[in-house]
Amino acid sequence: MSGLVFDDFYESYFDRVGRALVLAGADRDQARDAAQEAFTRALRRWRKVRDMDRPDGWVYVVAMNLLRDTWRRTARHGERGPAPDDGVDNTSAVATRLSVREAIATLPPRQRQAVVLRYLADLPLADVADAMGCATGTVKATLHQAMQSMRIELDDTEDDDADR
Amino acid sequence: MPTDELRGELTMLADEVEPFTGDVQAVHRRVRSRRIITAALVVAALVVVVASTVAVAGHRDAGKVNVTGTGSKDVSLALITHVDAIVVPATSDVQDVLDASPFVAEYARIPRADRSSDSLLLRPKDAVCALQQRDGYAVVAKSDPSALTAHLTLALAGRATVYDVSDQYGSDIEFFMKVDASRAQTDSLRNALAADGDVSSFVHLSRNDAYAIFKKDFADQPALVASTKPSDLPESFRVILEPGRSIAAVVHRYANAAGLDTTITANGEARFHPGLMPASSGPAVSPCSKR
């Protein structure tokens, strides 16, 4: 990837990273700020980042960390961080997609982040662990918990192995 | 639900999110301005070294004047209030040169300290990295700091490295404006600082001043210098407080000043406005990895 040009990289991934952050529980401003800052940091050390296996993975990880910092800070100031979405409609015999949305919205922030990084950004466990500042074993456990509660919420079928 | 199906669902959910429109030029601008800011952070980190050592030395000596070495100009770090140059490593050989140099007023030993975890050092000055490896000396010039650096660099060639920190060390707080801050915003902060009773003195650094510092700090990266214009860099205010006043209180006072981007303090803290982004995030890229 050594020929990767930053501007092209940004073009390809800024939107994706922003969307992932929203799915992880950020509001749009938080998502935009965290993504922009993460790309800024990537540009600062671009020679290193572009030679990584997954430059986008690095950005996802940094952005997610920034998001968590933001939440921590706003929590300290008495505002609410990411909350499970209100008004989850449990009456539904709805399509699976809506159920996943609902199920994700009810997950605690850490589980939500882990799910987004692992299954949307498709990062290896080790990178997810980096992003969350914990061991890969902890990530597995977190994903497992997430799957469990989602299964409960989804009232769904088969378990999937958290460690692909 | 199989994992792949979950992936698919997540992707669809992500697709439903309203698209984000990026601004890559804003990223480039932010990086340029932050490069000069982190150069200042390095200095802040140096101040931390000196300050923490002063605390230790002060405690140990209970305020006594302490001549730590055999050299005639060797003093306790606690007695030094200003540093013009950093010399690494601290050997008796180097000490002899410092003692004999007519340009050296006094100097103090800086103990080597492992600051590899210091995440503030995004783009460290070599001096900070060198100080992680070896003890060094903080040197005070008799009069002209640049003459001191020039003299020591020659005299110590091959034996030690000399880092000129004379123009950067010494303020309690540096306020960086946004690169696109308006004239009115800059004037407003200037007036506020001038009227602030906690502020002893302050210096305004124009974009051209910033550019001069930038050129010096990045002399080893000509392409970067060539691609940067003074207008890419932020104006700033270097502020010295009255003795005993709280840095944190003054920083807090201006936290929401219009047009303010970043505040750097002598205790090594950086505040990026808006949305303080501490540099603690992400996989570390070691600041001194080249060594």
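Which pattern does chain A follow, read along the sequence? Chain A reads α-α-α-α-α-α-α-α, with 8 helices and 0 strands. Helices (H or I, at least four residues) and strands (E, at least two) are DSSP runs, numbered from the N terminus. This is a predicted model; local features need pLDDT of at least 70, side-chain atom pairs count only at pLDDT 80 or more, and totals for chains, interfaces and linings use all residues. Residues are numbered from 1 along each chain as its sequence is written, while chains are lettered from A and ligands numbered from 1 in the order in which they are written.

**Chain A**
- Of its 164 residues, 45% count as buried (20 or more other C-beta atoms within 10 Å of the residue's own, C-beta atoms being placed from the backbone).
- Contacts are pairs with C-beta atoms, placed from the backbone, within 7 Å.
- Among contacts between residues at least 6 apart in sequence, 58% join residues at least 24 apart.

**Strand 5 of chain B**
- Strand 7 (residues 236–241) runs antiparallel to strand 5, joined by 4 bridges; pairing takes at least two DSSP bridges.
- B:Phe176 stands opposite B:Ser236 of strand 7.

**B:Val162**
- B:Val162 lies in strand 4 (residues 161–164) of chain B.
- B:Val162 counts as buried because it has 23 C-beta neighbours inside 10 Å.
- Beyond four places in sequence, its contacts include B:Ala85, B:Val87 and B:Leu152.
- B:Pro89 is 73 residues away in sequence, yet 9.3 Å away C-alpha to C-alpha.

Definitions and conventions
A residue is buried if 20 or more other C-beta atoms lie within 10 Å of its own, exposed if 12 or fewer, and partly exposed in between; C-beta atoms are placed from the backbone. Two residues are in contact if their C-beta atoms, placed from the backbone, lie within 7 Å.
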